[in-house]
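Here is a short note for someone opening this entry for the first time. Please keep the sequence and the 3D view side by side while reading.

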Amino acid sequence: MPKHSSAPVPLPVALRSVAARAACAAVALAGVFLTPAGARSAPAQAAPTARIVIKDFGFSPASLTVAPGTVVTVVNRDNAPHTLTGTGRATFDTGRVKAGRSATFTAPRARGQYAYICDIHQFMSGSLTVR
Ligand SMILES: [Cu+2]
């Protein structure tokens, strides 16, 4: 009989649980270190992050200033799909973000002010300033 055939069943389950908790802790830590407020303690190579929330057919904040190349998470808290789509020289676009979901885009590297809209509801607008 091979030696490894007698391994107790509960052990792998327990290990998975520990691994899952460790993964959660790692994600939580990453969240802490990647928020704009925690940027000073973030690793040098990590891109800065920011967040825009869509609620009641509006972007919040409607005007946001970020560093070049910031990874912006767009959270859709409405019951309708939305996009965050750059206009004019702004080429960023989340594409369609379903109700309750989120998406990310990377802010331009060139400094300046960039206008955006929701491509589905074009009365929704906002502006991203890079500096
Ligand atoms: Cu919309």
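Predicted model: local features only at pLDDT ≥ 70, side-chain atom pairs only at ≥ 80, totals over all residues.

1. The copper site. Which residues coordinate the copper ion? They are His-82 through ND1, Cys-118 through SG and His-121 through ND1. The distances run from 1.9 to 2.2 Å. Along the sequence, the donor residues follow the spacing H-x35-C-x2-H.

2. What the site links. His-82 lies in the loop between strand 4 and strand 5 (85-86). His-121 lies in the loop between strand 7 and strand 8. The two are 39 residues apart, and the pair links distant parts of the chain.

3. Burial of the two histidines. Are they buried or exposed? His-82 has 0% relative accessibility, so it counts as buried. His-121 has 16%. The cut-off for buried is under 20%, so His-121 counts as buried too.

4. As a general point, strands of a sheet pair through backbone hydrogen bonds, either parallel or antiparallel.

5. Strand 7 and its partners. Strand 7 runs antiparallel to strand 8, and six bridges join them. Tyr-114 has Leu-128 in strand 8 as its bridge partner. Ile-117 stands opposite Ser-125 in strand 8. Strand 5 also runs antiparallel to strand 7, with two bridges between them. There, Gly-86 has Tyr-116 of strand 7 as its bridge partner.

6. The core. How many residues make up the largest nonpolar core? It has 19. Those with the most contacts inside it are Phe-59, Leu-84, Phe-92 and Leu-128. Five elements are listed as giving two or more residues: strand 1 (49-55), strand 3 (63-66), strand 4 (71-76), strand 7 (112-117) and strand 8 (125-130). Strand 1 gives the largest share, three residues.

7. Phe-59 up close. Please select Phe-59 and look around it. Leaving out residues up to four places away in sequence, its contacts include Ile-52, Val-53 and Ile-54. Thr-83 and Leu-84 are also among them.

8. Most residues other than glycine have a negative phi, and most peptide bonds are trans. Where does Asp-56 sit? Asp-56 is in the loop between strand 1 and strand 2, and Phe-57 is found in that loop as well. Asp-56 has a positive phi of about 50 degrees, although it is not a glycine. Phe-57 has a positive phi of about 60 degrees and is not a glycine either. Asp-56 is exposed, with a relative accessible area of 59%. Phe-57 counts as partly exposed, at 36% relative accessibility.

9. A cis peptide bond. The bond from Ser-60 to Pro-61 is cis, with omega near -5 degrees. Pro-61 has its place in the loop between strand 2 (58-60) and strand 3. Please check this bond in the view.

Key
Residues numbered from 1 in each chain as written. Heavy atoms only, no water. Core = buried A, V, L, I, M, F, W, Y, C linked by side-chain atoms within 4.5 Å. Buried < 20%, exposed > 50% of the residue type's maximum accessible area, 1.4 Å probe, protein only. Helix = DSSP H or I, 4+ residues; strand = E, 2+ residues; numbered from the N terminus. Contact = heavy atoms within 4.5 Å. Donors = N, O, S within 2.8 Å, 3.2 Å for Na, K, Ca; no water. Pairing = 2+ DSSP bridges.
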